[in-house]
Amino acid sequence: MIAALLLALGLQGQPQIATEAPGIVAALTQETVEIREDFDGAELVLYGATRGLTIQDEIVVVLRGPGRDLRVMQKSRSFGIWVNSAPLEFDDVPSYYAIATSLPLETIAHPDELERSGIGLQAMLEANARAMEASWLLRASTVVDGAGETDPPAEPGEQAEPPALIRQDRVSEYLDAIARAGRRDDVFAEAQRGVEILDGGLFRATIALPPLTPVGNYVAEVYLFRGGRPIASRSASLRVEKAGIERFFFEFAHDLPVLYGLFCVLMAMIAGYIANLAFNRR
Amino acid sequence: MQIYLPIAEISVNIFLLLGLGLGVGFLSGMFGVGGGFLMTPLLIFIGVPPAVAVSTGANQIIASSTSGVFPHWKRKTLDLKMGVLLLIGGSSGSIAGVQLFALLRGMGQIDLIISLSYVGFLGIVGGLMMIESVRAIIRAANPDKSGGRRSLRKRGWIDRLPFKMRFPASGLYISVIPPVAIGFFVGTLVAIMGVAGGFIMVPAMIYMLRMPTNVVVGTSLFQILFVTALTTFLQAAQNQTVDILLALLLTVGGVIGAQFGARAGRNVKAEELRALLAALVLAVCLKMGWDLVVTPSDLFTILPRGAGEGF
């Protein structure tokens, strides 16, 4: 901890930009988080220092997990049963997204500014949707060409029309669903005031990693906001990986699937045979 | 005490898993079924991804059927020839099932198909078993009315099929087509539902093939052992959805529970046991049917995309 502080102070001393320009540096207290068999969540601490911090400056820390491709489907009732329908595909959605701030995010910056810089869960998801729009349009035009604008299927049992899916209000329903699912698993988190500003331009951010933390490469981005706009930023990387038995079995299953399959079968047969020896002899 | 499962990628209480194995093992030992139809839905309920629950369920059934098949092997209450035929059908069914599973997963409909299969098969089998066992209980209560017990020795259209073969252990001379077809059908179910299919295999052997009851259970266990082994292997090799740690924990609870269950089962009359099993099967069926019909708490589903990625 002290080492991290010293490191942060040391980095602060280096002349990065012009002498008086505001700057920010940050370091995570650990560069890897290991998921072992007893993993039940962890707490990550990020230390940082700012240069030229004024009273109206605020700090925002974003931790973003590896991207995943998703297909989001809406359930609709047909023949009395809820069926997945109206799929919308999203590429590279962060599997983890946490944000810690020195003040509630909405008081730090205007929503338009957040949207422009893509900071915050909502802005991040909307940016993702905008990037997907072209491919949705292409897909919709090949699936149903010239079907025109149809109302979203409000009535159960009605089939969804792909073109209607891409309308703004429909897309935002899908984005809300992604946000909801992430919050449910605690992989999307917005901690109000997770950043503590210490003396001398130093700050500390605490971010919780839930039991369902995905594995992969993470990026922590630290922003210095002044007057509602980000004026400096820095990033640090983090790796979440399986370790110990977890890593062994995961790599075994993915690198040598055939051998792993045989191993699973053999283990189960041995277990059954031992049970037979233990219980079935008379 | 939490344990992190390497393939399911969730953190679960270790005692919950051992207890689950023990409970399902108890019921499977008591009723002489694999218990997969209970285990897979319960695993999904505690948060295991459905694909992992189904594949790992098959892996756990290998252990329980291995321990179950030995006594039958020793007592020769096992029709090896019939078992091999069922196995030929079962292996092809299992291969087809794993492909179908991957295809449906790609379409985002696997959860629905799993649920619908459960509701359909459990409903039919549970319903028939309930009717049959209630009749048997009534017959046992009024022995004077038990005169008209039908003994159907005829198999109807099954007797007219070609490629007949002799089965000395079962005392049968029938076509090879029905056993292969039944095996194929059950093999597909193993892959899609993560069940051993004993609850379909046993009635099919008794009522369709007219096999003597004493060889039915052993033969069923024999074929289930090999079909679940093949399914586990294929799911592991193709979809990477078998969680060995989860399977081992369930097996430990399962084999112990099965012994106590078998002991408890001896104190209950056969027809009452069947009625209880039917009630259990119908309860699972109703629960899954209810979940299909009731408005879900979240109308959206988030599914991972891309083959072999995640679950």
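**View 1. Pairing of strand S3 of chain A with strand S10 of chain A in the predicted model.** Tyr47(A) stands opposite Arg204(A), a residue of S10(A). The two strands, S3 (residues 42–51) and S10 (residues 202–209), are antiparallel and are joined by eight bridges. S3(A) also pairs with strand S1 (residues 23–28) of chain A, through six bridges and again in the antiparallel sense. Within this second pairing, Gly23(A) has Arg51(A) of S3(A) as its bridge partner.

**View 2. Pairing of strand S5 of chain A with strand S5 of chain B.** Strand S5 of chain A (residues 67–78) runs antiparallel to S5(B), and five bridges connect them. Arg71(A) lies opposite Leu303(B) of S5(B).

**View 3. Contact between helix H8 of chain A and helix H9 of chain B.** The axes of H8(A) (residues 257–279) and H9(B) (residues 244–265) come within 11 Å and cross at roughly 20°. H8(A) and H9(B) are therefore roughly parallel to each other, and their crossing is right-handed. Residues making the contact include Cys264(A), Met267(A) and Phe279(A) of H8(A), with Ile244(B), Leu248(B) and Gln259(B) among those of H9(B). By class, ten nonpolar and two polar residues form this contact, with no charged residues.

**View 4. The side of chain B that touches chain A.** In this interface, 46 residues of chain B are in contact with 51 residues of chain A. Among the elements giving two or more residues to the chain B side are helix H8 (213–239), helix H10 (270–293) and strand S5 (300–304) of chain B. H3(B) gives the most, with ten residues. The chain B side has 28 nonpolar, 16 polar and two charged residues.

Notes. Residues are numbered from 1 along each chain as its sequence is written. Chains are lettered from A and ligands numbered from 1 in the order in which they are written. This is a predicted model: local features need pLDDT of at least 70, side-chain atom pairs count only at pLDDT 80 or more; totals for chains, interfaces and linings use all residues. Two strands pair if DSSP finds at least two bridges between them. Helices (H or I, at least four residues) and strands (E, at least two) are DSSP runs, numbered from the N terminus. Axes are lines fitted to C-alpha atoms, for helices over the stretch in contact, and angles run from 0 to 180 degrees between N-to-C directions. Angles under 35 degrees count as roughly parallel, over 145 as roughly antiparallel, 65 to 115 as roughly perpendicular and the rest as oblique. A crossing is left-handed if the near helix is turned anticlockwise from the far one by less than a right angle, and right-handed if clockwise. Two residues are in contact if their C-beta atoms, placed from the backbone, lie within 7 Å. Ala, Val, Leu, Ile, Met, Phe, Trp, Tyr, Cys and Pro count as nonpolar, Asp, Glu, Lys and Arg as charged, and the others, Gly among them, as polar.
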